Structure formats: C-alpha cells, structure tokens
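Work through the exercises below with the structure in view. Try each task before you read its solution.

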Amino acid sequence: MSWAAILVLAAGAYGFKLAGELVGNRIEHPLLRRSISLIPPALFWALSTLQTFERDTDLVFDARVAGLVVALFATWRKVPFIGVIVLAMAATAVARLTFG
C-alpha cells in the first residue's frame, strides 16, 4: 500500500470522526440517536465474527471459536477487560494444543 493511500484513508477516518462530533449533537430524534449509537457495536461484532469464522473464503470452526465463547462468557460475567483478553487467549491456546 502506498503512502498516498494511507494518508487518504487517515484523512477520511479523521473526517468521519469530525463529522460525528459536529453532527452528533444536533440529532434530536431519540429513535435516530439510539439507532446511530448501535452502529459501532454492530460493526465491531460483524468484524469479530468474520475474523473468527472465516479463512480465505471458507467457513471454519477452530480454536478461535473457543476463545470467542470464553470471551463472551467472561464479558457476560462482567470480568474486567484485561481479564477477558487473557481468558480468551488462554482458551484459544488450550484449544490449539488439544485439537491441533
């Protein structure tokens, strides 16, 4: 990737962030405000799911699924963030050692 592409992407990301700050306070309709606030978690979930269950163009279930399940359980039990990360890493490592 060229430096020009990186700079363009960085400027675009900054522009979106700035637009969110400028426009975000002007949205008054409660349903629209609530809907917009749900977009980042939905995108994060979609990217996490894609990274967990896809390899090339195939659907796979491997050790990463164990890490994701443990992370979801730890989050549900309100474990601090660093604990969630460590538990998910440990579960993934144990699954890779166990199942190859």
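**Exercise 1. Which residues of α3 and α4 meet, and how do the two helices pack?**

Step 1. List the contact, where contact means heavy atoms within 4.5 Å. From α3 come W45, Q51, T52 and F53, and they meet R64, V65, L68 and L72 of α4.

Step 2. Sort these residues by class. The contact of α3 with α4 holds five nonpolar, two polar and one charged residues. (Ala, Val, Leu, Ile, Met, Phe, Trp, Tyr, Cys and Pro count as nonpolar; Asp, Glu, Lys and Arg as charged; the others, Gly among them, as polar.)

Step 3. Describe the packing. Two packed helices are described by the angle between their axes and the distance between the axes. For α3 and α4 the angle is about 145°, and the axes lie 9 Å apart. (Axes are lines fitted to C-alpha atoms, for helices over the stretch in contact, and angles run from 0 to 180 degrees between N-to-C directions.)

A note on the source: this is a predicted model, where local features need pLDDT of at least 70, side-chain atom pairs count only at pLDDT 80 or more, and totals for chains, interfaces and linings use all residues. Residues are numbered from 1 along each chain as its sequence is written, and side-chain values use heavy atoms, with hydrogens and water left out.

**Exercise 2. Is T52 buried or exposed?**

Step 1. Locate T52. It is found in helix α3, residues 39-53.

Step 2. Check the accessibility. T52 has 9% relative accessibility, so it counts as buried. (Buried means under 20% relative accessible area, exposed over 50%, partly exposed in between, with a 1.4 Å probe and protein chains only.)

Step 3. Find its partners. Neighbours within four places in sequence aside, T52 is in contact with V60, D62, R64, V65 and L68.

**Exercise 3. At what angle do α4 and α5 pack?**

Step 1. Read the geometry. Helix α4 (residues 63-76) and helix α5 (residues 81-99) pack at about 150°, with axes 8 Å apart.

Step 2. Name the arrangement. That angle makes α4 roughly antiparallel to α5. (Angles over 145 degrees count as roughly antiparallel, under 35 as roughly parallel, 65 to 115 as roughly perpendicular, the rest as oblique.)

Step 3. Name the contact residues. Among them are A63, G67 and V70 of α4, and L87, A91 and R96 of α5. The residues of this contact divide into 10 nonpolar, three polar and two charged.

**Exercise 4. What pattern does the chain follow along the sequence?**

Solution. The pattern is α-α-α-β-β-α-α. That comes to five helices and two strands. (Helices are DSSP runs of H or I, at least four residues; strands are runs of E, at least two; both are numbered from the N terminus.)
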